[in-house]
Amino acid sequence: MGLYDRPYYRDEEPPRMALNPSTQSFAVIAIIANVALFFADFLFGGRDFALQRAMQVNPETIVQPWMYWKFLTYGFAHGNMNHLLFNMIGLFFFGRAVENRVGKFEFIRFYLVAIILGGIFWSVRTYFFGGPGGGVIGASGGVVAVTMLFVLWYPQAEILLMMVLPIKGWVLGLMLIVGNLLGMGSSQTAFDVHLVGIGFAISYFYFNWNLATLPFGSGIKIPRRGPRLKLHDPDRKARKETQEADEAERILQKIHDQGESSLTNAERKLLERYSRRLRERR
């Protein structure tokens, strides 16, 4: 591949959607988790769907700190097959494209924060200001946030609405905003959760956030395991170099799209290490 054939030396293009749907993608992992929980509840939850009810956010959740874990779990529970299918289709197509652009772990942070913010907002509104009772479930807040972020990055991308009607990305974004504003007050759908996701995506885009650099995203260290048995693997070095080259490619794309200031310290170090290895081979 020639230097100027690389995608970050071209005009902005919509992303290629045909990514490898492997379990290395968090979007695919999230889909598997949602589907598995739905069918587990269907098979073992009884008529009352016990798992769904345990995971949902209720109006009083905001004043029950011991229940704050529900602000995350409600995003993995769905009330019916149509609810599940609609969200998972959106996550599959738009989620993989966004994940490909920001990287796996930033995508994890973005998606889960969108879900948490939506749940908190809904609980605060219904508890302190009234509204439909019951609870809220579903990945819609996170999926709408991911979709809106895709639209902001690729407003001219062509999208098949309902798999049939071709529209531009910016048209879909406008439909999301207007449709959810008009739907406010419905007792069946938590449109305010969708609007929180939209607002979060817009803020993330315009302020050029990187959640790993924000206070709640830094200083998190995963404890190391003890020493492991080392096995001889002659292809390990080659695989590691290939993975590093792919990651360097992603980082260069990120610099092109968002500027060098968007890089994390880890990304800078990897790019320096990769550049040094290329120089040594000359």
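This report describes the fold, the aromatic contacts, the strand hairpin and selected residues of one predicted protein model.

Residues are numbered from 1 along each chain as its sequence is written, and side-chain values use heavy atoms, with hydrogens and water left out. Because the model is predicted, local features need pLDDT of at least 70 and side-chain atom pairs count only at pLDDT 80 or more, while totals for chains, interfaces and linings use all residues.

**Overall architecture**

The protein contains 10 helices and 2 strands; these are DSSP runs numbered from the N terminus, with helices (H or I) of at least four residues and strands (E) of at least two. Read from the N terminus, the order of elements is α-α-α-α-α-α-β-β-α-α-α-α. Of the 282 residues, 39% count as buried, where buried means under 20% relative accessible area, exposed over 50% and partly exposed in between (1.4 Å probe, protein chains only).

**Aromatic contacts**

A pair of aromatic rings is described by the distance of the centres and the angle of the planes. Here, rings of Phe, Tyr and Trp (its six-membered ring) pair if their centres lie within 6.5 Å; planes under 30 degrees apart count as stacked, over 60 as edge-to-face and the rest as tilted. The search of the whole structure finds 15 aromatic pairs.

Phe110 belongs to helix H5 (residues 104–129) and Tyr204 to helix H8 (residues 191–206), so their pair ties together parts that are 94 residues apart in sequence. Both Phe110 and Tyr204 are buried. Phe200 is buried at 8% relative accessibility, whereas Trp209 is partly exposed at 28%. Ring pairs link Phe110, Phe200, Tyr204, Phe207 and Trp209 into a cluster.

Asn208 is found in the loop between H8 and helix H9 (236–258). The phi of Asn208 is near 55°, a positive value in a residue other than glycine, and Asn208 is partly exposed at 33% relative accessibility.

A contact of another kind involves Arg96, whose charged end sits over the ring of Phe92, 3.8 Å from its centre. The criterion requires NZ of Lys or CZ of Arg within 6 Å of the ring centre and within 35 degrees of the ring normal.

**Hairpin and nonpolar patch**

Strand S1 (residues 158–161) and strand S2 (residues 165–168) run antiparallel and are joined by 4 bridges; strands pair if DSSP finds at least two bridges between them. Ile159 has Ile167 in S2 as its bridge partner. The hairpin has 3 residues between the strands, and Met162 takes a positive phi near 55°. Val164 is also found in the loop between S1 and S2 and is exposed, with a relative accessible area of 64%.

Leu85, Ile89, Phe93, Met163, Val164 and Leu165 make a nonpolar surface patch of about 560 Å². Accessible areas come from the Shrake-Rupley method with a 1.4 Å probe. Helix H4 (residues 81–102) gives the most to this patch, with 3 residues.

**A buried valine**

Val146 lies in helix H6 (residues 140–153) and is buried at 1% relative accessibility. Val146 and Leu91 are 55 residues apart in sequence and 7.5 Å apart in space, C-alpha to C-alpha.

Technical notes: Patches are made of residues with over 30% relative accessible area and no salt bridge: like charges are joined within 9 Å, nonpolar side chains (Val, Leu, Ile, Met, Phe, Trp, Tyr) within 5 Å. A salt bridge is a side-chain nitrogen of Lys or Arg within 4 Å of a carboxyl oxygen of Asp or Glu.
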